[in-house]
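Dear colleague,

Please find the structure below, handed over for your study.

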Amino acid sequence: MNKPLRAVAIFCGLLMLGLLIRANWLQYVRAPELAADDKNRRVQIEQFATPRGDIIVGGRAVTGSSEVRGTDLKFKRTYVNGPMYAPVTGYASQAQGMTLLEKTYDGILTGKDDRLAFQRFADVISGKGRRAGSVVTTIVPKAQKAAYDGLTDLKGARGAVVALDPRTGKVLALVSAPSYDPSQFAGSTFKESDRFVALDKDKRKPLANRALRETYPPGSTFKILTAAAALEHGIVTDIDASTDAVSPYPLPQSTNRIGSEAGDAVCDKASMKTAMQHSCNNVFLDVAAKLGQDKLRETAEKFGFNDDVYSDDFGDLLATKSIYPEDLDKPGTALTGMGQGSLTSTPMQMAMVTAALANDGKLMQPYIVDEVRGPDLGTLEKTQPAVMSEAVSAATAQKVQQMMEFTAEEGSARRARIDGITVGGKTGTAQRGVDVAKQVPYGWFVSYGKKQDGSSVAVAVFIDPTDMEISREDISGGRLGAPIARSVMEAVLQP
């Protein structure tokens, strides 16, 4: 072979080698990435080629699938009581993608999870076609309905409710309002896409999950954590003893003096128990200033602040972090003691704080999926309760319980009382914006209920009354949140 032909042959050989390397690179190295690409139409066709598995609440499916004609996406998702369960299920839309449980457990719900490989093989051999698994939630239907009805009955209210089992961490109710019906945009028609766009542009943010993804100043509900920190670090030893916190309270390094709605006569040098009963700001400002930011932050972090509620393994169920900030000055630290300043919290986080105190200081990892099942209803995964932290000692938690139960019996949380059930509660009003006189405050309420048989529930209610015709006075004192919390507790403890 002469030299020119040999050069051409070598060049052609190199080209063939390059093509083989490229083909193998695409087929074996980049195959998973390309298969999961959102722009890969074949992935979407396969995803909606068969009915999706069910999301189960209280033993019944709250999801389904319906056949679609005239498109290569053969099945679309349907929902039962869609707006009520949307903050739990999320949505599975042919055009808009997926969120929450639908996204996190998509492999199970489409039958493509690796744990179903043998089942898929058996189904192919038997000619059954691909079958999906199901996801069993911890949600209690009556509690979810009580929370949803309570929020929607407050015409114009935006808000959230979270209920937890303090002993296990099970999420018993998780509601956000206003909500949306995922069925309305489950397909890929122009009409359904327009509905989604309208929801996305709505100023009331119906697509937002306020229970998990939105943070707000927790206001006076944070006082239960401040009280726990003060007791745990020895700043307060006797909850019935008078304090030296004057009212109105002079904010450190400032000319501002902060009063309380209950009045100076009640709050001046009040005991911590009385301060909790009447939500006296001065006592909690004072103990926060004495604790200092490091000790108060340390306690807050033991309750879950500055940390992920769910690990990355929980995918799209990850909640927004609640923040106890760093590098606070003295006035900023004092303000966090009453739940203001630059402190932020999700409703889930305040439910966790309440649940931990009701559970004698032990904070359990919240979870919303009890069990994952295969097509044959066999258990693939069962969630076991796990301790997140020992937030405070049992002795400290029990003293806070005494104060919260006294507040429910004799103080501002009276609207949450239930005959035959031990109830502890705390109201909260959180100021927002620079001009607090013009901005309507947020309303909060946290509570727990316990029965003699040991069963219990902890509830956090958050209400944004921006669109409500309501006075500032009606927002405070638990007028809005306490009845909702009571209904949810009754639904769990008196089914």
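**The disulfide**

Cys267 and Cys280 form a disulfide, with their sulfur atoms 2.1 Å apart. Please note that this is a predicted model. A disulfide is a covalent bond between the sulfur atoms of two cysteines. A search of the whole structure finds one disulfide. The pair links distant parts of the chain, 13 residues apart: Cys267 lies in helix 11 (residues 264–267), and Cys280 lies in the loop between helix 12 (272–278) and helix 13 (281–302). Which hand does the disulfide of Cys267 and Cys280 have? The torsion about the S-S bond is about -75 degrees, so the disulfide is left-handed. Both Cys267 and Cys280 are buried.

**The protein as a whole**

The protein has 18 helices and 18 strands. Taken along the principal axes, its C-alpha atoms fill a box of roughly 105 × 60 × 40 Å. Of the 495 residues in the protein, 52% are buried. Consider also the contacts between residues at least 6 apart in sequence: 69% of these join residues at least 24 apart.

**A covered helix**

Is helix 4 (residues 82–89) largely enclosed or largely open? Seven of its eight residues are buried, so helix 4 is largely enclosed by the rest of the structure. The buried residues of helix 4 are Gly82, Met84, Tyr85, Ala86, Pro87, Val88 and Thr89. Just after helix 4 comes Gly90, which takes a positive phi of about 70 degrees.

**Strands and their pairing**

An open sheet of five strands, with mixed pairing, has the order 2-1-7-13-14. Its edge strands are strand 2 (60–61) and strand 14 (379–382), each of which pairs on one side only. Within this order, strand 1 (residues 55–57) and strand 7 (residues 134–137) pair in the parallel sense over two bridges. Ile55 stands opposite Val135 in strand 7.

Another pairing involves strand 8 (residues 158–164) and strand 9, which run antiparallel and are joined by six bridges. Here Leu164 stands opposite Val171 in strand 9. Strand 9 (residues 171–177) is mostly covered, as seven of its seven residues are buried. Strand 8 and strand 9 form a hairpin with six residues between the strands, and in this hairpin Gly169 takes a positive phi near 95 degrees. When you look at any of these strands, please recall a general point: in a regular strand the side chains alternate between the two faces of the sheet.

**The cavity**

How many cavities of 30 Å³ or more does a search of the whole structure find? The search finds one. About 50 Å³ of space lies in the largest cavity. Its lining consists of Leu164, Asp165, Pro166, Gly169, Met352, Ala355, Ala356, Asn359, Lys362, Leu363 and Met364. The elements that give two or more residues to this lining are helix 15 (347–358) and strand 12 (362–364). By class, the lining has seven nonpolar, two polar and two charged residues.

Yours sincerely,

A colleague

Conventions: Residues are numbered from 1 along each chain as its sequence is written. This is a predicted model: local features need pLDDT of at least 70, side-chain atom pairs count only at pLDDT 80 or more; totals for chains, interfaces and linings use all residues. Side-chain values use heavy atoms; hydrogens and water are left out. On a 1 Å grid over the protein atoms alone, a cavity is a set of points where a 1.4 Å probe fits but cannot get out, and a pocket is an open set with protein on both sides within 12 Å along at least five of seven lines; lining residues have an atom within 4 Å of a point. Grid points are joined across faces, edges and corners, and a volume is the space filled by probe spheres set on the points. Helices (H or I, at least four residues) and strands (E, at least two) are DSSP runs, numbered from the N terminus. Ala, Val, Leu, Ile, Met, Phe, Trp, Tyr, Cys and Pro count as nonpolar, Asp, Glu, Lys and Arg as charged, and the others, Gly among them, as polar. A disulfide is a pair of cysteine sulfur atoms within 2.5 Å. Buried means under 20% relative accessible area, exposed over 50%, partly exposed in between (1.4 Å probe, protein chains only). Two strands pair if DSSP finds at least two bridges between them. Contact means heavy atoms within 4.5 Å.
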